[in-house]
Structures are given as C-alpha cells and as structure tokens.
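Hello,

Here is the structure I promised to pass on to you. Have a look at it first, and then read on for what turned up in it.

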Amino acid sequence: MSAEPSALLDAAHAIIAEQLTRLRELHQVAQQRHAKVEADLRQSARLLDEASMQLRFAAERGLTNAAALAEREQQLRSEHDLLNREYVAGRRALRQLDLLIRQIDMSSTTLNGDTENEPDDPWVQALRSQVVMGREDERSRLAREVHDGPAQVLANALMGLEHCQNLLKSQRMERLAEILLQLSEAAREGLREVRRFIADLRPGKLDEQGLHGALTEYVRRYHDTVSAQVTFEADPLPRLANETEIVLYRIVQEALQNAHKHARGAPVHVVISARNGQLHLTVRDEGPGFDTRAVARRAGRESWGLTSMRERAELVGAQFVVTTRPGHGTEVTVTMPLVRR
C-alpha cells in the first residue's frame, strides 16, 4: 500500500531540511574563508602601499637598493592580484549560495503553508536578498575607491612629511619649501576626493531640487573631474517617488562612470524625456562600444556595472536595455511609467 500523502510530504520536507542544513554549513565555511581572504587582502594592500612608497623614495634619490625594492614591489603586487581574484570569486560564490538557500527556504515555507508573516510572493524576498548583496558590493566598490584615492593621498603625505623632517634636520630649506608646496596641493586634491565621495553617497540636491537639479549638479562635477564632453537635456519633471529618483540618479552615475572607463573620453549624452505618461532615460556615449556576448563569455556573466543598473531599474518597475556593438558606442535606456510623488 502506498504511503499517505502527508507522510510523503513529511519525508520531502525532511530531505529539504537536511539539504538546507548542509548548504548552510557550506555557506558558513565559505564565509569564514572569504573573511580570511578579505583580511589577507587588506594586509596585502598595506604592504604593497609601503613597498610602493619605499620604491618611489629610493628611485627619486638614486639609492642602491632601488632594484631590490622594485623586485619586492612586483612580487607583492602579484600576490595582491591573486588575492583580489580569489576575493572576487569568493564574494560571487557567497552571493549565489545565499540566494540558493533563501530560495529553497522560502519555497519550503510556502509549501508548508507557514506564510503568516511572509509576503504573498516568496520571490520578493529573493529580490531583497539581491538588493542586500548589491549594497555589500557597493560598499566594497567604495572601499576600493577610498583606498585608491584619499587613502593613497594620505599615505603619500605621510611619506612626504617624513622627508620634510629629514630636510629640516639637514637645513635644506629650498627643497623643503618645494616638498611642502607639493604636500599642500596633494592635501587639497585629497579633500576634493573626500567631498566627492560624500556627495556621491547621498546627493543633497536630490532632496532639495529633485532629479533634474541633482543630475545637473552631478553632470557638472563629472565634466569638471574627468574633463569629458558631456551634455544633459531633460524635460520638465514632476517630483517622483524618493526611491525612483535615487534609482535613476544611481543609474546615470554608474553609466557615466562606465563611459569614463571604457569610452576613452568620447562625448556622452544624457537625456530624460517625459511623454505619454512614460519616463525615458538615455545615457549614450560615442565610444568604441563592445560585444556583450564576448564580455559575458570572458566574465562568465554580465558585467557588474550593467547588472547593478539592471537590478536597480527592476526594483522600481522600470525596463532596462543596453544597446551596443563594436565601433558604434553604447546606449543605456530606462523606461518606466511616470508616477508622481
């Protein structure tokens, strides 16, 4: 006689529970390994910074140990690159494991009927999980930018101050004045970088003037910072929902950063139009373009920048399209219903 349906379901849920336990154990092991790699990567970055400063110092003064320092700097750079690749791969694996666990867990909860405190659509939580992981990736990106920007300026300033102390002891006042002038210029540049990070984290203009005012200010700063030819055109816009304005602002921000990295200084055009109840956002560059399939094959997935923009757009119910091919530039388009706040 066949088993009762309830007994079959109980057995199925027992199997799922066992597999979830094993997946969580695997996730924990991967998380511990990832934390170790992250700590090693930070230590590697510090050692590389120190070695780079020592090499520059020795090269500027023609010291005899410059060759040995260059060899050590190259070795540390290779080790840092290996750790960084492992860190990126580990972060991707953790994100996929986390999504898998959440999806299986939510499906099991739905089958159990234990949805009193859960949303009607179990996949809503999977999307929220993607958002959480996206925020973690965003923090990692900002950490790298701080490391390559203000942190590097501060490290160079520290090295310069130590040099100034030596010049002061040897009474080389003329050279001391030159170094102090360089340090002053570097400090101003570092301050500009920090202010830019603060503005990018939460653009005050977005609250004060809405999307049009915030993007006008950002495009102006982008033009001044990277010396790129960029135009911005926008129809009169009503105030949109806060989350919509933030998402559209971030998409323009990411698209311009991608253009700066890949379009090689080519002109960029940002256009926002509001017609027939639809909002259309377009960011188009006149750069070299690329083959999306080739990029996906090399990376095993769509690039992080495109994925980030696509996920942001989907969160507010917008359609996201990338149009590009080699030799014909790249165009990012976002289309969504125009809903006033």
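Predicted model: local features only at pLDDT ≥ 70, side-chain atom pairs only at ≥ 80, totals over all residues.

**What turned up: the sheet and its surroundings**

β2 and β3 run antiparallel and are joined by 8 bridges. They belong to an open sheet of 5 strands with mixed pairing, in the order β1-β2-β3-β5-β4. β1 and β4 are the edge strands, each pairing on one side only. On average, neighbouring strands here are turned by 10° against each other, direction ignored.

In the loop between β2 and β3 you will find N276. Its phi is near 55°, which is positive although N276 is not a glycine. N276 is exposed, with a relative accessible area of 81%. A second residue of this kind is Q171, with a positive phi of about 60° and again not a glycine. Q171 sits in the loop between α4 (150–169) and α5 (173–201), and it is exposed at 53% relative accessible area. For context, most residues other than glycine have a negative phi.

**The chain as a whole**

Stepping back, the protein chain holds 9 helices and 5 strands. Read from the N terminus, the elements follow the pattern α-α-α-α-α-α-β-α-β-β-α-α-β-β. Of the 341 residues in the chain, 36% are buried. The chain exposes about 20900 Å², and 53% of that comes from carbon and sulfur atoms. Among contacts with a separation of 6 or more, 67% are between residues 24 or more positions apart.

**The nonpolar cores**

Which helix lies across the sheet? That is α7, which lies across β1, β2, β3 and β5 and runs at about 15° to β3.

The largest nonpolar core has 36 residues, and the members that touch the most others are L211, L248, L256, L281 and V283. Two or more residues each come from α6 (204–226), α7 (242–262), β2 (268–275), β3 (278–285), α9 (304–315), β4 (319–324) and β5 (330–337). The largest share, 8 residues, is given by α7. In soluble globular proteins, nonpolar side chains tend to be buried together.

Leaving aside neighbours within four places in sequence, L256 is in contact with Y218, V219, Y222, V230, V268, V270 and V283. Apart from this core lies another one, of 5 residues, including L167, L176, I179 and L183.

**Salt bridges**

The count of salt bridges comes to 11. Here are three of them.

- E38 and R42 meet through their side chains at 3.8 Å, N to O. They are 4 residues apart in helix α1 (residues 5–61), so about one helical turn separates them. Both count as partly exposed, E38 at 31% relative accessibility and R42 at 45%.
- D224 and R220 meet at 3.0 Å, N to O. Both lie in helix α6, 4 residues apart, about one turn of the helix. D224 is partly exposed at 48% relative accessibility, and R220 is partly exposed at 43%. The two also belong to a network of salt bridges that links E217, R220, R221 and D224.
- D235 and R275 form a salt bridge whose closest N and O atoms are 3.9 Å apart.

Enjoy exploring it!

Best wishes

Key: Residues numbered from 1 in each chain as written. Heavy atoms only, no water. Core = buried A, V, L, I, M, F, W, Y, C linked by side-chain atoms within 4.5 Å. Buried < 20%, exposed > 50% of the residue type's maximum accessible area, 1.4 Å probe, protein only. Contact = heavy atoms within 4.5 Å. Areas by Shrake-Rupley, 256 points an atom, 1.4 Å probe, with all protein chains shown as cover. Salt bridge = Lys/Arg side-chain N within 4 Å of Asp/Glu carboxyl O. Pairing = 2+ DSSP bridges. Axes fitted to C-alpha atoms, helices over the stretch in contact; angles between N-to-C directions.
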